[in-house]
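Subject: Structure handover

Hello,

Here is the structure I promised to pass on. Please open it alongside this email.

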Amino acid sequence: ESVIGYLSESAEYAGVRNGLEGALSDGFIVKDEEGCLQFVHDKVREAAYNIIPDSDKKQFHYRLGKELHSYCDGKDVGDTIFLIASQINHGKEWILRDKDLSACISELNMKAGEKALDGCD
């Protein structure tokens, strides 16, 4: 399942699919040959990202990764594990504040590292 599918399951990010469909119809994003969504230009991606205040970006990444992790925990998510770990690690200062989750995040990072090593020749 896609990241958009995972996020659409959560209450906080339920509107993601509709927002992306609007951006697609407005021409800000396109579907590639594999059906993956991408911005039409890096400047469009940067403009969308810059809507988030700089002071909130790390927490945004952490919350996004945490939401994906809670939905995907215990499932084989393939390479999506790298995205989840990366998002959470962008907000690493929140890991230390979240004592209940810090052990889970350590395990997530270990699994992502093992998966990366498995992919090496």
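Below is what was found in it, from the overall fold down to single residues.

**Overall**

Please note that this is a predicted model. The protein chain has 121 residues, and 26% of them count as buried. Its secondary structure comes to 7 helices and 2 strands. Reading from the N terminus, the order is α-α-β-β-α-α-α-α-α. The C-alpha trace spans about 40 × 40 × 25 Å along its principal axes. Take the contacts in the chain with a separation of 6 or more: 49% of them come from residues 24 or more positions apart.

**The largest pocket**

The largest pocket holds about 1,200 Å³ of space. Its lining counts 31 residues, and those closest to the pocket centre are Ile4, Leu7, Val16, Leu20 and Phe39. Several elements each give at least two residues to this lining: helices H1 (3-8), H2 (16-25), H3 (42-49), H4 and H5 (80-90), plus strands S1 (29-31) and S2 (37-39). H2 supplies the largest share, with 7 residues.

**Histidine 61**

Histidine 61 sits in helix H4, which covers residues 57-72. Is histidine 61 buried or exposed? Histidine 61 has a relative accessible area of 9%, so it counts as buried, the cut-off being under 20%. The side chain of histidine 61 makes a polar contact of 2.8 Å with the side chain of tyrosine 49. Set aside the neighbours within four places in sequence, and histidine 61 is in contact with Tyr49, Gln87, Ile88 and His90.

**Threonine 80**

Threonine 80 belongs to helix H5. Its relative accessible area is 16%, so threonine 80 is buried too, by the cut-off of under 20%. Which residues does threonine 80 contact, leaving aside its neighbours within four places in sequence? They are Val3 and Tyr6.

**Aromatic rings**

How many aromatic pairs are there? The count comes to 0. There is a charge over a ring, though: arginine 97 lies over the face of tryptophan 94, at 4.8 Å from the ring centre.

**Where to look**

For the polar contact, show the side chains of histidine 61 and tyrosine 49. For the ring, show arginine 97 and tryptophan 94.

Best wishes

Technical notes. Residues are numbered from 1 along each chain as its sequence is written. This is a predicted model: local features need pLDDT of at least 70, side-chain atom pairs count only at pLDDT 80 or more; totals for chains, interfaces and linings use all residues. Side-chain values use heavy atoms; hydrogens and water are left out. Helices (H or I, at least four residues) and strands (E, at least two) are DSSP runs, numbered from the N terminus. Buried means under 20% relative accessible area, exposed over 50%, partly exposed in between (1.4 Å probe, protein chains only). A polar contact is a pair of N or O atoms within 3.5 Å; within protein, one must be able to donate a hydrogen and the other to accept it, and residues adjacent in sequence count only if both atoms are side-chain atoms. Contact means heavy atoms within 4.5 Å. Rings of Phe, Tyr and Trp (its six-membered ring) pair if their centres lie within 6.5 Å; planes under 30 degrees apart count as stacked, over 60 as edge-to-face and the rest as tilted. A charge sits over a ring if NZ of Lys or CZ of Arg is within 6 Å of the ring centre and within 35 degrees of the ring normal. On a 1 Å grid over the protein atoms alone, a cavity is a set of points where a 1.4 Å probe fits but cannot get out, and a pocket is an open set with protein on both sides within 12 Å along at least five of seven lines; lining residues have an atom within 4 Å of a point. Grid points are joined across faces, edges and corners, and a volume is the space filled by probe spheres set on the points.
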